[in-house]
Amino acid sequence: MTAPIDISICICTFRRPALLDQLLMALTEQACDGLRVEVVVVDNDPAGSAAEVLRDWQSRMPMPLHARHETTPNIAQARNAAVHTAQGEWVLFIDDDEAPDADWIRHLVHTQREYNADAVFAPVLPRYLSDTPDWIRAGDFFNRRRFATGTAITTKDARTGNVLIRRSKLMVVPGPFDTAFGRTGAEDTMLFRDMLAHGARFIWCDEATVSEEVPAQRANLNWLLRRSYRLGQTYVLSEIARLGGLQRFLRAAQLGVRALIQLLIAAGVTLLALPFSRIAAIRWLRTTLAQCGKLSALAGHRYHEYGN
């Protein structure tokens with residue numbers, strides 16, 4: 001009889017075969033402490049750009065490697081395919097452009113056991129290229145909030161880029177990722193919101209770091225502004241998604257009025273900050289664009305970040 005799998009490492013990939021190859025190499029160097037680990041990779045590129053890399057690794061991966069091809073570009077569908085292929089008691093998500101530290105799994109598992117968590121979230125640190133502009137590094141635009149290990153967190157700081165999740169809690173949620181958010185983003189926000197509603201316990205582990213490459217296509221003002229616009233949209237959409245009727249209308253109206261006020265304030269502060277600090281002005285400009293995203297979402301526009 002085959003021994004049960006403890007952890008399924010789930011990776012969704014889209015047109016990044018070189019980075020996927022590096023990630024799979026890094027996974028072979030993990031300290032697993034006797035845990036039975038498998039790897040599940042879902043290629044979400046209709047052209048199957050990861051196929052060659054996956055064929056190569058299936059012949060030499062020291063742990064089981066399951067490859068799936070999800071031909072419809074939709075991050076939620078790809079993640080659902082990974083979850084339903086996974087056989088482990090725990091599902092461990094990492095993105096295809098990330099690289100884990102050698103003790104990544106060990107730290108996550110230790111924290112889960114110490115705090116009896118249903119999901120353990122950990123930091124994703126930026127990995128800059130040599131030609132990344134100095135103002136991008138100085139602005140710290142790609143770093144996110146961190147917490148002491150053991151801190152309970154909410155959906156505000158919960159993401160799928162580096163998280164260990166109890167599969168039984170995951171499967172309580174239909175999907176479990178909502179495919180309606182598979183092109184816009186926020187499918188993970190919706191999942192974690194639903195999991196918390198079902199009583200799941202979310203804990204932070206600050207030692208289990210992974211790094212994420214910041215390519216030239218992202219290290220520029222245009223991408224930063226588009227990301228802020230998209231995040232504004234997905235925030236509003238996730239806030240009203242589970243509401244109906246009058247409750248939905250009132251919440252949408254509240255969000256719209258607040259976004260309009262914040263837009264005017266942020267635009268004004270942007271102009272005031274510009275002569276003194278380029279970085280401060282960019283931060284406020286991003287806040288301005290986030291409010292534009294909120295208002296445009298309420299007006300019916302959808303910005304599709306995934307699958308392009």
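## Where the domains meet

Across the interface of domain 1 and domain 2, the rule picks out three salt bridges. Helix H5 (134-139) and helix H7 (187-197) each bring at least two residues to the side of domain 1 that touches domain 2. Keep in mind that this is a predicted model.

There's also a salt bridge between Arg-193 and Glu-239, with the closest N and O atoms 3.1 Å apart. As for polar contacts, the rule finds five residue pairs across the interface of domain 1 and domain 2, with both residues at pLDDT 80 or more.

Domain 1 covers 5-214 and domain 2 covers 219-297. The contact draws on 18 residues from domain 1 and 17 residues from domain 2. Taken over C-alpha atoms, the centres of the two domains sit 27 Å apart.

How much area do domain 1 and domain 2 bury between them? About 1,500 Å², with 65% of it on carbon and sulfur atoms.

## Inside the cores

The largest nonpolar core holds 34 residues, and Ile-7, Ile-9, Ile-11, Leu-24, Leu-27, Val-39 and Trp-104 have the most contacts inside it. Two or more residues come from each of these elements: strand S1 (7-13), helix H1 (17-27), strand S2 (37-43), helix H2 (51-58), strand S4 (90-94) and helix H4 (104-115). Another core, of 28 residues, lies apart from it and includes Ile-75, Phe-177, Met-195 and Ala-200.

Take Ile-9 for a look at the packing: leaving out residues up to four places away in sequence, Ile-9 touches Leu-27, Val-37, Glu-38, Val-39, Val-40, Leu-92, Ile-94, Trp-104 and Ile-105.

How values were computed: Residues are numbered from 1 along each chain as its sequence is written. This is a predicted model: local features need pLDDT of at least 70, side-chain atom pairs count only at pLDDT 80 or more; totals for chains, interfaces and linings use all residues. Side-chain values use heavy atoms; hydrogens and water are left out. A nonpolar core is a set of buried Ala, Val, Leu, Ile, Met, Phe, Trp, Tyr and Cys residues joined through side-chain atoms within 4.5 Å. Buried means under 20% relative accessible area, exposed over 50%, partly exposed in between (1.4 Å probe, protein chains only). Helices (H or I, at least four residues) and strands (E, at least two) are DSSP runs, numbered from the N terminus. Contact means heavy atoms within 4.5 Å. Domain bounds come from an automatic or database domain assignment. Buried area is the accessible area (1.4 Å probe) that two parts lose on being put together, summed over both. A salt bridge is a side-chain nitrogen of Lys or Arg within 4 Å of a carboxyl oxygen of Asp or Glu. A polar contact is a pair of N or O atoms within 3.5 Å; within protein, one must be able to donate a hydrogen and the other to accept it, and residues adjacent in sequence count only if both atoms are side-chain atoms.
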